[in-house]
Amino acid sequence: MAYDNRNFGNKMGGRNGFNSNYQKGQLPKGYLSGGYFETVENENALKPEYIVEYSKAIAEKLSDKNEWEKPNTPQNKRSQIRKFYEYVLRIQSLLHRKNNNFDAVEAELKRLIPYVNYAVSRGTVSELFRNFINDNMMAIHNVEDLNAFVKHFESIIAYLPKEKN
């Protein structure tokens with residue numbers, strides 16, 4: 001999947017630090033284009049942008065009132081996003097019980113795709129969140145990728161603002 005036509009990032013100007021050409025549902029430019037890892041001293045290391053820059057940019061867009069969508073469209077709620085994160089944590093736990101056999105849990109992990117589609121159809125999460133889940137599901141091929149995704153998703157949760165009652 002090509003990511004070079006993505007059109008948003010926190011260093012690109014425009015309203016709130018985002019490109020004014022932002023299109024609904026798009027993730028940051030270059031997101032996942034080279035995978036989660038970089039090689040540091042002959043070992044794979046999680047790219048820092050998945051903990052800071054990408055996570056912060058995605059969290060900001062998920063918590064935005066989203067002026068680009070129809071008025072009165074439900075906003076992403078931290079609690080809804082957290083449910084998806086907790087599901088991923090359960091899969092990670094299951095993976096450890098299956099002795100890190102990724103093939104044994106891959107189908108359970110991919111169930112997030114229909115779950116997020118259903119959530120979008122109900123209006124409880126945005127198109128951006130669906131794209132986040134779908135793109136990451138396509139990028140996860142092994143245990144290391146899943147563990148990197150968990151750390152990345154955790155960072156997004158940390159950047160989301162607290163819900164007001």
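Exposed means over 50% relative accessible area, and buried means under 20%. The legends below describe close-up views of a predicted model.

**View 1. N99 in the loop between α2 and α3.** The loop that holds N99 runs between helix α2 (78–97) and α3 (106–110). N99 has a relative accessibility of 70% and therefore counts as exposed, since the cut-off is over 50%. The phi angle of N99 is positive, about 55 degrees, although the residue is not a glycine.

View 2. Phi of E41 is near 50 degrees, a positive value in a residue other than glycine. With a relative accessible area of 74%, E41 is exposed.

**View 3. S55 in helix α1.** Helix α1 covers residues 53–63 and includes S55. The relative accessible area of S55 is 0%, so the residue is buried, the limit for this class being under 20%. From its side chain, S55 reaches the backbone oxygen of Y50 at 2.6 Å.

**View 4. Surroundings of S55.** Neighbours within four places in sequence are left aside here. Beyond them, S55 is in contact with E49 and Y50, and also with H152, S155, I156 and Y159.

Conventions: Residues numbered from 1 in each chain as written. Predicted model: local features only at pLDDT ≥ 70, side-chain atom pairs only at ≥ 80, totals over all residues. Heavy atoms only, no water. Buried < 20%, exposed > 50% of the residue type's maximum accessible area, 1.4 Å probe, protein only. Helix = DSSP H or I, 4+ residues; strand = E, 2+ residues; numbered from the N terminus. Polar contact = N/O pair within 3.5 Å; in protein donor to acceptor, adjacent residues only side chain to side chain. Contact = heavy atoms within 4.5 Å.
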